[in-house]
Amino acid sequence: MGKGKTEVIVIGAGISGIKASLDLANAGISSLVLESRGRLGGRLCTEQMESGLSVDMGASWFHDCYTNPLLKKYWESGKVDFHFDDGKFSYFNEEGLVDENKRLEPVAKEIELFMEDLYTKIPADKDISIKEAVYQYLKDKKWCLTDYQLKHVPQLVRYFEMWIGSSWEILSARTIATDKHKGRDAMVMNGYSTVYNGELEELVKAAKLSSQGGCSIKLNSVVYKIEWDAKKREIVVHSKNSLTNKSEQFRSNFLVFTAPLSVLKLTDLKEEGAIEWTPPLPPTLRNSLDKVSFSNLGKVFFEFPETFWNLEDDRILSLARGKIPNGLDYTILFLNLAKPTQKPLLLALISSPLTQYIEQQESQEVIFEVFKPVLSRITNLKASEIPKPLQIKTSKWSADPYARGSYTGVTVRDDYEVALEYLMNPTGIFDGSGRVRFAGEGVTDDGNGCAHGAWVSGAREAEYIKRVVNKAKF
Ligand SMILES: Cc1cc2nc3c(=O)[nH]c(=O)nc-3n(C[C@H](O)[C@H](O)[C@H](O)COP(=O)(O)OP(=O)(O)OC[C@H]3O[C@@H](n4cnc5c(N)ncnc54)[C@H](O)[C@@H]3O)c2cc1C
């Protein structure tokens, strides 16, 4: 290996990048991780409230507990405090708490079936939004629904906005119809960084033990160009140090690209984080990336002087009405964090376009005004009786150039499947030998969009490189 050259360059120090480096180090293969931010973890990001409480601005749950490969490992390690928040679930509309006997939930479940059925019948290139699908169902089944169900069930189906982070007007109903997630969700109470740090500790150990498989991580290294040196048959990665503005070059035989697809799809090179590929990425990939969307799940943590909401609930959903800046106009899911933490803490999950509005606000007063009517609705208190929070802390992913939203989400008429297929089996890049690999939450079928899915994809790409390197040795 020439001076300044590593076997593998990994772009991004999120969980997928770290997992790829860890498996490579265990196999004695060296890697260099280039990370644009001044911190590790990517969208696993645990911060502290002023009171010292840990809150996750990115991932909170281990999703897909039935199949999640990380759950048992971290459960048994004792490092992670898990909390299943799938107990009592209440939802409110303009008339107050919705009575279970109005039977909105069974109808919402039937709408999911309707969507599944719909996609077995319509042509593959036809797509409709969740909103359109819901109204199509109501038209078909009007004769067996009550007036109350007809009026209120559409707003309950908007619960999906809370999982994906986009408005039901643009979310593809295909997302629900083809959902592959399996099992319960376990919330991490002591910060998802415990999971990231667990993987990092293993990486440090593996890199120390390995004779050749060292690993270094460079923070503040914004990659802006990836090129193929055909003469030397090497990949050349150019990065700029965001603190000093100094450019650097690194060389490798393989590349694992793990930056979010929202970054990969950028074509305007003036955008922060955008990357120039020389020679350019194949048109099939570029065209399919144009049809990949990113969603905007947002988080707002409220720490109050005391609790004033129903402590028996795990989740409290406020059903939507229509426009910013009144929170009543949006679907908002409250997670009662007072239950697991014994502290007056509430988390509101919000989606696009409310997320972008809230994440831009500097003033806690402005944010509080948006949520006050909703808190009043779900607690039956007058708005004037809602105590002022001690602190409000919001996520900022929508304006973060290295995330540009929360995660991959499918909007109407996207062609994500084509991009996914290509990125998982990349051909035709540089010398066409498959030395450029892609990983991350958006490049996996298994646990798509999730932290464990990102981890699985990092392992998959390390496995691929290990196979090729070992084959070349013998
Ligand atoms: C609000 C929110 C809530 C979520 N909730 C959950 C949840 O409850 N459960 C769950 O499983 N998942 C959840 N997720 C998704 C989960 O956080 C991600 O799937 C996972 O962390 C992605 O890991 P990754 O390695 O693919 O990407 P990232 O963590 O984004 O890592 C990619 C890295 O690439 C870096 N990068 C970007 N551009 C460049 C560049 N030009 N040069 C160098 N580096 C670059 C970035 O800084 C980043 O560190 C949530 C995400 C958000 C935002």
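Start by selecting E35 and the ligand: a polar side-chain atom of E35 sits 2.6 Å from an oxygen atom of the ligand. That pair is a polar contact, meaning two N or O atoms within 3.5 Å. This is a predicted model, where local features need pLDDT of at least 70 and side-chain atom pairs count only at pLDDT 80 or more, while totals for chains, interfaces and linings use all residues. Residues are numbered from 1 along each chain as its sequence is written, and side-chain values use heavy atoms, with hydrogens and water left out.

Then pick I15: here a polar backbone atom is 3.3 Å from a ligand oxygen. How much of the ligand does the protein bury? Taken alone, the ligand exposes 1,000 Å², and 99% of that is buried by the protein (areas from the Shrake-Rupley method with a 1.4 Å probe).

Next, show the whole shell around the ligand. It has 40 residues, and the closest are S16, E35, R43, W61 and A451; a residue counts if one of its heavy atoms lies within 4 Å of the ligand. By class, you'll see 21 nonpolar, 15 polar and four charged residues.

Helices here are DSSP runs of H or I with at least four residues, and strands are runs of E with at least two, numbered from the N terminus. Strand 11 gives the most, with three residues.

Zoom out and colour by domain. Domain 1 (5-43 + 192-290 + 415-473) and domain 2 (87-183 + 296-406) both give residues to the shell, so the ligand lies between them.

Head over to helix 14 (residues 416-424). Its buried residues are Y416, A419, L420, Y422, L423 and M424, where buried means under 20% relative accessible area, exposed over 50%, and partly exposed in between (1.4 Å probe, protein chains only). Among the elements they pack against are helix 10 (283-290) and helix 15.

Two loops with cis peptide bonds come next. Select T278 and P279, joined by one with omega about -10°; P279 is in the loop between strand 14 (276-278) and helix 10. Then try S352 and P353, where omega is about 5°.

Finish at R233, in the loop between strand 11 and strand 12 (234-241). Its phi is near 55°, a positive value in a residue other than glycine. R233 counts as partly exposed because its relative accessibility is 43%.

Key:
A polar contact is a pair of N or O atoms within 3.5 Å; within protein, one must be able to donate a hydrogen and the other to accept it, and residues adjacent in sequence count only if both atoms are side-chain atoms. Ala, Val, Leu, Ile, Met, Phe, Trp, Tyr, Cys and Pro count as nonpolar, Asp, Glu, Lys and Arg as charged, and the others, Gly among them, as polar. Domain bounds come from an automatic or database domain assignment. Contact means heavy atoms within 4.5 Å.
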